[in-house]
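Trainee: I am new to this structure, and I would like to go through it with you step by step. Could we begin by looking at the sequence and the model together?

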Amino acid sequence: MRHLEFAIEPQRIRDLRDLKYLESRFGFAKGSLISNVPKSWYSTVAERLVLDLGQVNQTRLTQLLKDIKTKCLYKSGRNGTGGNWLDIALQNHDEWPFHRIIEGSLNEPPVKINCLDELGDNDFEGIQSVLRDAQSLANASKALLIGAEKVTIVDPYLCPSKNGSRETLLRMMALCEKRSIEFHIFCEDDNIAHWARNCVDALNNFKRQIPNNITLSWSNLTDDDTGFLHRRMLFTGKGGLVYDRGFAEPNAHHQREITTPVMLMESPDVEVAAIDYNLAQLNPILSLVNPTWFSK
């Protein structure tokens, strides 16, 4: 996963200073997330701070808590019931390791540390590239996919008639947990020959493999040779990633062992991309070459 998951004991967050620190270092656009383990994590932090701080800086407290909930908290689907916070965290860590665990009694750096003050820049350095097999490509965006209701993928070379393209998409779809999710794919006309003859048939066959909770749209675009479509990216309402070498799993097995850089998108970039790649009103540089295909 391109994002780093930190398990932070609620009691380690003591005041506005700690909240400001979390807001400055964590977020989907920053690549570091706070694990929502257990599910009561946010309410535990919010209720205690509101009680302790009273009316002092109430407006700032409310805004910081809201920002952390929407921008930093990662609902990863982990289990978190029974026992105290540390027992729950360690059990989850054994099953699926956190990047860091912060709890008052721990002293086993770099992974298990006892306070936020012990975190340094090196603790926020994550993986910058992933292998090019379909599962690794999908897992890189897991933090964005797991709670997404809309996923947009832009890749000029993504092609429904190619196994490598379909395989990565299926692995990504399998990571989505919402009851209803829209996948919007945008590719480039110049890189897909015979769309009507090959690609539409491939999409109609692919439809049988798409999970029931997924609706897929696939748009074949042209950018009038401007290069506008070059950037290969995935974005959701939470954030986005740029895949340097695209999303398709190579046919050659040895090429899957060569990594591709995966870079975080800044929040303004995600906002612009969401406007540019909107079926209701595409960026003026872009135009549909063929009618958009829909799975439903």
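The questions and answers below take up helices, aromatic rings, the backbone and the core in turn.

Trainee: Which residues of helix H4 (residues 85–95) are buried?

Mentor: Keep in mind that this is a predicted model. Seen down the axis of H4, the buried residues fall within an arc of 160 degrees, so they line one face of the helix. The face turned away from that buried side carries the exposed residues Asp94 and Glu95. The buried residues of H4 are Trp85, Leu86, Ile88, Ala89, Asn92 and His93.

Trainee: Which residue caps the N-terminal end of H4?

Mentor: The cap is made through a side-chain oxygen, which lies 3.2 Å from the backbone nitrogen of Leu86. Leu86 is itself one of the buried residues of H4. The residue that supplies this oxygen, and caps the N-terminal end of the helix, is Asn84.

Trainee: How many residues does helix H3 have, and which of its residues are buried?

Mentor: Helix H3 (residues 58–71) has 14 residues, and it reaches 20 Å from its first C-alpha to its last, close to the 20 Å expected at 1.5 Å a residue. Seen down the axis of H3, its buried residues fall within an arc of 160 degrees, so they line one face of the helix. The face turned away from the buried side carries the exposed residues Thr59 and Lys66. The buried residues of H3 are Leu61, Leu64, Leu65, Asp67 and Ile68.

Trainee: How many aromatic pairs does a search of the whole structure find?

Mentor: The search covers the whole structure, and it counts rings of Phe, Tyr and Trp as a pair if their centres lie within 6.5 Å. By that criterion, the number of aromatic pairs found is 6.

Trainee: What is the arrangement of the rings of Phe6 and Phe124?

Mentor: The ring centres of Phe6 and Phe124 are 5.2 Å apart, and planes under 30 degrees apart count as stacked. The planes of these two rings are at 25 degrees, so the arrangement of the pair is stacked.

Trainee: How many residues apart in sequence are the parts that this pair ties together?

Mentor: Phe6 is buried, with a relative accessible area of 0%, and Phe124 is buried as well, with a relative accessible area of 13%. Phe6 and Phe124 also belong to one aromatic cluster with Phe26. Phe6 lies in strand S1 (residues 4–8) and Phe124 in the loop between strand S5 (112–113) and strand S6 (129–130), so the pair ties together parts whose separation in sequence is 118 residues.

Trainee: Is the aromatic pair of Tyr243 and Phe247 stacked or tilted?

Mentor: Tyr243 is buried, with a relative accessible area of 0%, and Phe247 counts as buried at 1% relative accessibility. Their rings are 4.3 Å centre to centre, with 40 degrees between the planes, and the pair is tilted.

Trainee: Which residue lies over the face of Trp96?

Mentor: The residue in question is 4.2 Å from the ring centre of Trp96. That residue also lies over the face of Phe98, at 3.9 Å from the ring centre. In both cases the residue over the ring is Arg78.

Trainee: What is the phi of Asp224, and is Asp224 buried or exposed?

Mentor: Asp224 lies in the loop between strand S9 (214–222) and strand S10 (233–235), and its phi is positive, about 60 degrees, although Asp224 is not a glycine. At 62% relative accessibility, Asp224 counts as exposed.

Terms used. Residues numbered from 1 in each chain as written. Predicted model: local features only at pLDDT ≥ 70, side-chain atom pairs only at ≥ 80, totals over all residues. Heavy atoms only, no water. Buried < 20%, exposed > 50% of the residue type's maximum accessible area, 1.4 Å probe, protein only. Helix = DSSP H or I, 4+ residues; strand = E, 2+ residues; numbered from the N terminus. Arc of directions from axis to C-beta. Polar contact = N/O pair within 3.5 Å; in protein donor to acceptor, adjacent residues only side chain to side chain. Phe/Tyr/Trp six-rings, centres within 6.5 Å; stacked < 30°, edge-to-face > 60°. Lys NZ or Arg CZ within 6 Å of the ring centre and 35° of its normal. Expected span 1.5 Å × (residues − 1).
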